[in-house]
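Biologist: I have a model open and some labels to check. Can you take me through them?

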Amino acid sequence: MRTWQEEKRTWKERSELGAPVISKRVGRSAMAKVKVGRSLVWIVLVLGALLMTAPFAFLVTSSLKNQMEVFMYPPKWLPIPAHFSNYVQVFIVKPFHLYFRNTLFIVVMNEIAILWAASFCAYGFARLRFPGSKFWFNIVLGTMMLPGIVLMVPTFVIFSRLGWIDTYLPFIVPAFFGGGAFNIFLLTQFFRTLPEELADAARIDGCNEYAIYGRIFMPLAKPALAAVAIFTFLNGWNDFIGPLLYLNTAEKYTVAMGLALFRGSLLQTRWDLLMAASVITTIPVLLLFFLAQRYFVSGIVMTGLKG
Amino acid sequence: MQKTAQWPRHRVVFTTISARKALTGYVFISPFILGFLLWFIVPIATSAWMVFHDWNLISEPRFVFLENFSTMFRDELFWQSLKVTAIYSFISVPLGLVLSFFVALLLNTKVRGISVFRTLYYLPTVMPAVAGAVLWAWMLNTDFGLINLLLRTMGLPKVRWLVDPNLALPSLILVSLWAIGGSMVIFLAGLQGIPDMYYEAAEVDGAGAWAKLRFVTIPLMSPVILFNLVMGVIGSFQVFNAGYLITGGGPNNATLFYVLHIYRVGFQYFKMGLASALAWVLFLIVVALVVVIFRYFGESVYYENRATGARDS
């Protein structure tokens, strides 16, 4: 491995051996080089973006074709005329409106539970000093690293003993207990960045810790809470293994589960409808993503990579 | 007690205040502690008990001691699922890391439309797993999928992506590379945290683009790389959706991922003890891998701030 000094030396040697010494002309060619480099980067990015988005384009065009056009060769690249009726049909074939309602219910309950529980715990970890807080925070970090799938079997057994199978309780109740290690961690990191003077001023005014948490820190934590809310929405909306394990009645299915059921059903050859259903499932998350993009990145940055 | 009576008065006051403070602290973190006990310790204990029993959730559990483990190790499907998952992990994780690092480097430049590119590259990551699986099953369909249609228009023979047992797993690895957005964004955040002055200093020393990457970017990014590597390995051993939804574990068990195997044993054959044993083995494998990664790569990680292990920029 070459060290810094060695690398420097080779550069020096090179210039001594008659390699181009910096001059005005080289300066200009270096500018040109940067330009060439940038266009190269741009071309690679465009090609990559095409690869990334082509599946989406194929998804949308397939969803607008009719039953026959999907299987045509040579392929019909553009679905003209567009069969928007596929989107209506999806709702006739499977009660996707029910799936939407069920998923929304789970997601909203999760949001309430997680935004409260995770921020409440995070305030304790970030702003209060008490014996054992470090120990418990290490446990938060530990559970974050643990492969959650390991708990899948015993958790199912416990929920089935509690009689929670085929209800929404397995999705909602655990969320009230801490709201997930990742969310606690993210909010703790955020609360730590806020100045202690705020809390001190409130204490002098006679606020107790609960009031400081609720009235001062929660309003200030809006960006971080937004990030948590987005991750919660995505997890709830996209979760598949949870509904697969805990829901048995078709009317109680979530969107993800409904789509999987759709795929497994007799309509397997109706790729047009299946694609339309996939688009319907994807639209809410895409909308959220476009509307709240900046909170995504800030949320990831907050998890400690920069702070 | 006599000893308490001898304590100076202010000491007593101090203890009650700190006791009250501790109580407040524990009230705040109590949801987590309760959750940890209820949804972590209780399941772990249940699982540890189930490992030694033969139980289908309905009949009386029967104590079998280590029989679940011997059954498991004699089961061909266990070894098959381990092989599938190991191959998947060892190929898709490094490939995904290199690719997402490369893309993050490109996305960290200041070319035109960069924010659009960032959005487009992240898009596949937010797509619901089921929709993504349905989409890729269609994309890779032998007769009508987009990829084979493109091959056919170029005059190439069609490839039996998900039908050929030798190609099914490589196909799923390729699909996994589509959604590299998660690690990419983390890399990007890390790259943006590197102060410009380091690059300027390197330029003064005559470093070219490669030298800057090799001696500035990669060392400074090593904690992020380690983080993504560990998270990638943990995630790859828990892959379920791709196997369950795209290929159903087939053809001929070529994509029988470990968690899919656990799912079948536990929730289709209702062998709770065997499924728990499988889960424990998975846990031990993942822990062992993480320890190995930290041992071999942890040393070469560069921390700007050794004391906390975190970079503050």
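Modeller: Here are the labels, one by one.

Modeller: This is a predicted model, so local features need pLDDT of at least 70, side-chain atom pairs count only at pLDDT 80 or more, and totals for chains, interfaces and linings use all residues. Residues are numbered from 1 along each chain as its sequence is written, while chains are lettered from A and ligands numbered from 1 in the order in which they are written.

Biologist: Why is A:Leu194 called partly exposed?

Modeller: A residue is buried with 20 or more other C-beta atoms within 10 Å of its own, exposed with 12 or fewer, and partly exposed in between; C-beta atoms are placed from the backbone. A:Leu194 has 15 C-beta neighbours inside 10 Å, so it counts as partly exposed.

Biologist: Where is A:Leu194 placed in chain A?

Modeller: In the loop between α8 (181-193) and α9 (196-204) of chain A. Helices are DSSP runs (H or I, at least four residues), numbered from the N terminus.

Biologist: What does A:Leu194 touch, not counting residues up to four places away in sequence?

Modeller: A:Phe217 and A:Leu220. Contact means C-beta atoms, placed from the backbone, within 7 Å. The C-alpha atoms of A:Leu194 and A:Phe217 are 8.2 Å apart.

Biologist: What makes α13(B) roughly antiparallel to α14(B)?

Modeller: The axes of α13 (residues 258-268) and α14 (residues 272-297) of chain B come within 8 Å and cross at roughly 160°. Angles under 35 degrees count as roughly parallel, over 145 as roughly antiparallel, 65 to 115 as roughly perpendicular and the rest as oblique. That crossing angle therefore makes α13(B) roughly antiparallel to α14(B).

Notes. Helix = DSSP H or I, 4+ residues; strand = E, 2+ residues; numbered from the N terminus. Contact = placed C-beta atoms within 7 Å. Axes fitted to C-alpha atoms, helices over the stretch in contact; angles between N-to-C directions.
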